[in-house]
Amino acid sequence: MIRSYGRGAGELRPVTLSRRYTRHPEGSVLVSFGDTRVLCTASVEDRVPSFLKGQGRGWITAEYGMLPRATHTRGEREASRGRQGGRTHEIQRLIGRALRAVMDLTALGERTIQLDCDVIQADGGTRTAAITGSFVALCDAVAWMRERSMVAAEPVREAVAAVSVGVVEGVVLLDLDYSEDSACDTDMNVVMTASGGLVEIQGTAEGEAFSEAQLQAMLAVARGGIARLFEAQKAALAES
């Protein structure tokens, strides 16, 4: 099996995290997993949803979208249809859950950090790239708040990242590109924290059912890939 970039079964595509990609948001990152590219921006807002008003805690939420020519053929903008699709709702809720899992929301005060994830080019793994990039954008937004004495305690407890894994022709592969994702027998997305906690596992048999042994093998491969993503996040945040 020949994979993109000549990589092995357990290797990631080339990953880059370009901070401060746009000038206006409190945090912005262009994240690339190979040919998948997602622009993640973080905006700090002095408000919380109505269900949190008066509770002294903040909120992290996300929106996700795909530009019309992010894929091989032009897709219609969801705004032109007047509603978001179910896939979009699912992905943006996943991104929000992943980031809230590693945040002390009380430390934010009654503020919201809004993450906007816009896919400018898709080649598989857009949701996992969005989570990985959004964490870096979130850290920059928190640093912006800290510089302005808007937070007294550290809101970020640990890092979070995500990667796809699957079974293709009986082989467990890490970080599937589109050609692999469209032909896989099993497709799984794994979201994990730096301390090793699992935030979410989304796994589906596209063909034959997968075994418990294959599940454990996929989780092990995903864990190794996410460890390398944590290193990439740390290196990006260390840059001045």
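This is a predicted model: local features need pLDDT of at least 70, side-chain atom pairs count only at pLDDT 80 or more; totals for chains, interfaces and linings use all residues.
Reader: Which residues lie nearest the centre of the largest pocket, and how many line it?
Author: On a 1 Å grid over the protein atoms alone, a pocket is an open set of points where a 1.4 Å probe fits, with protein on both sides within 12 Å along at least five of seven lines, and lining residues have an atom within 4 Å of a point. Here 37 residues line the largest pocket, and Tyr64, Met66, Arg87, Thr88 and Thr126 lie nearest its centre. Strand β4 gives the most to this lining, with four residues; strands are DSSP runs of E with at least two residues, and helices runs of H or I with at least four.

Reader: Which element supplies the largest share of the lining of the second largest pocket?
Author: That share, four residues, comes from α3, and the lining includes Asp140, Ala143, Trp144 and Glu147.

Reader: Is Glu180 buried or exposed?
Author: Buried means under 20% relative accessible area and exposed over 50%, with partly exposed in between (1.4 Å probe, protein chains only). Glu180, found in helix α4 (residues 178-181), is buried because its relative accessible area is 7%.

How values were computed
Residues are numbered from 1 along each chain as its sequence is written. Side-chain values use heavy atoms; hydrogens and water are left out.
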